[in-house]
Amino acid sequence: MNHFNLEGRVAIVTGGNGGIGLGMATGMAEAGATLVLAGRNAEKGAAAVSSLEAIGAKASFFTLDVTDEAACHALIEDTASRHGRLDVLINNAGSNIRKEPEDYTLEEFRFVLDTNLTSAFCCSQAAYPAMKQSGGGKIINIGSMFSLFGASFSTAYAASKGGIVQMTKAMACAWAKDNIQVNSVLPGWIDTELTKGARKDVEGLHERIEARTPAARWGRPDEFAGIAVFLAGTGSDFVTGTSIAIDGGFSAQG
Ligand code: NDP
């Protein structure tokens, strides 16, 4: 048996139209999966679909805002009805507002929580019946180094990403009986649109990350292909409730 073969599997990646999400989608597409990418920006979505089709994969884009519960349900229902099954859900869509805690409005705090945490709850809850019907499934939630650490500018983001780790454990416990494995991936510092903003806002961040990361560099989105294939395939059937750092050693550094 090839534990890294995803032929016949149907996978959704929220925020799969760019960055880490597209890195994971590309890995799964190369392993034979059919991909449904979801996000707000349809232009980026079309480009991402073309890049997957160029490697011979079946792929489509679903436009949604993950903060809309009804849209999360529509994404899952549309995928399950078009493809007849749902095997993998990657809750990757994420956003950040960087401020000192005293400066957030409640609306801003809720926006980050809704985008990063509540959306993963809504999509997972919507996916559960379809995965159960397929005989099992894989849910992969994207956390962060801020699932483990804090920073003065990360109150809302760290709250959301810490929540991802604990929600992962709770769902893993609940759905093991249905052969659904729920895990999270904790990226270190990766060069994407999201961190372009951070590097602009936080002086000296780029150099500090290089200095603290044992690998002495920022990561790349394509370096998430392997972990996605592992967590989406049969090789991880006894792996559930855990969080795996993909961080060049950042979280291991004392
Ligand atoms: P990107 O900005 O490239 O990707 C974020 C994706 O999320 C985009 O594709 C965006 O799609 C989508 N998205 C954001 N808000 C919404 C929304 N409301 N509804 C639908 N889609 C949405 O950044 P990354 O690839 O870096 O981020 C991916 C994930 O990885 C995030 O969860 C992030 O927190 C996490 N992460 C990233 C790290 C890094 O160093 N880059 C480190 C740790 C964690 P669209 O533009 O279409 O809205």
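Reply: What follows is a chat about the pockets, a cavity, a helix and some cysteines of this predicted model.

Me: Ok, what volume does the largest pocket have?

Reply: The largest pocket has a volume of about 880 Å³. Of the 39 residues that line this pocket, the closest to its centre are N92, A93, G94, S95 and L194.

Me: Which element gives the most to that lining?

Reply: Helix α6 gives the most to the lining of the largest pocket, with four residues. The elements that each supply at least two residues of this lining are α1, β2 (34–39), α5 (155–175) and α6 (193–201).

Me: And how do the lining residues of the largest pocket divide into nonpolar, polar and charged?

Reply: For the largest pocket, the lining consists of 16 nonpolar, 17 polar and six charged residues.

Me: Is N92 buried or exposed?

Reply: N92 has a relative accessible area of 12%, and it counts as buried because the cut-off for that word is under 20%.

Me: Which residues does N92 touch?

Reply: Leaving aside residues up to four places away in sequence, N92 touches V13, T14, G15, G16, I20, G21 and I142.

Me: What about the second largest pocket, how much space lies in it?

Reply: The second largest pocket holds about 180 Å³ of space. Its lining is made up of M145, F146, F149, G150, A151, F153, W189, L205, R208, I209, R212 and F250, and by class these are nine nonpolar, one polar and two charged residues.

Me: Now cavities: how many of 30 Å³ or more does the count come to?

Reply: The count comes to one cavity of 30 Å³ or more, and about 30 Å³ of space lies in the largest cavity.

Me: Which residues line the largest cavity?

Reply: The largest cavity is lined by T14, V66, N91, N92, A93, N116, S119, A120 and C123. Helix α4 provides the largest share of this lining, with four residues, and by class the lining of the largest cavity has four nonpolar, five polar and no charged residues.

Me: Switching topic, how many disulfides does the structure hold?

Reply: The structure holds zero disulfides.

Me: Last one: is helix α8 mostly covered or mostly exposed?

Reply: Helix α8, which runs over residues 225–232, is mostly covered, since six of its eight residues are buried. The buried residues of α8 are A225, I227, A228, V229, L231 and A232.

Me: What covers the buried residues of α8?

Reply: The elements that cover the buried residues of α8 include the helix α1 (19–30) and the strands β4 (88–91), β5 (137–142), β6 (180–187) and β7 (243–246).

Key: Residues numbered from 1 in each chain as written. Predicted model: local features only at pLDDT ≥ 70, side-chain atom pairs only at ≥ 80, totals over all residues. Heavy atoms only, no water. Buried < 20%, exposed > 50% of the residue type's maximum accessible area, 1.4 Å probe, protein only. Contact = heavy atoms within 4.5 Å. 1 Å grid on protein atoms, 1.4 Å probe; cavity = no way out; pocket = protein on both sides within 12 Å on 5 of 7 lines; lining within 4 Å. Points joined across faces, edges and corners; volume = space filled by probe spheres on them. Nonpolar A, V, L, I, M, F, W, Y, C, P; charged D, E, K, R; others polar. Disulfide = S-S within 2.5 Å.
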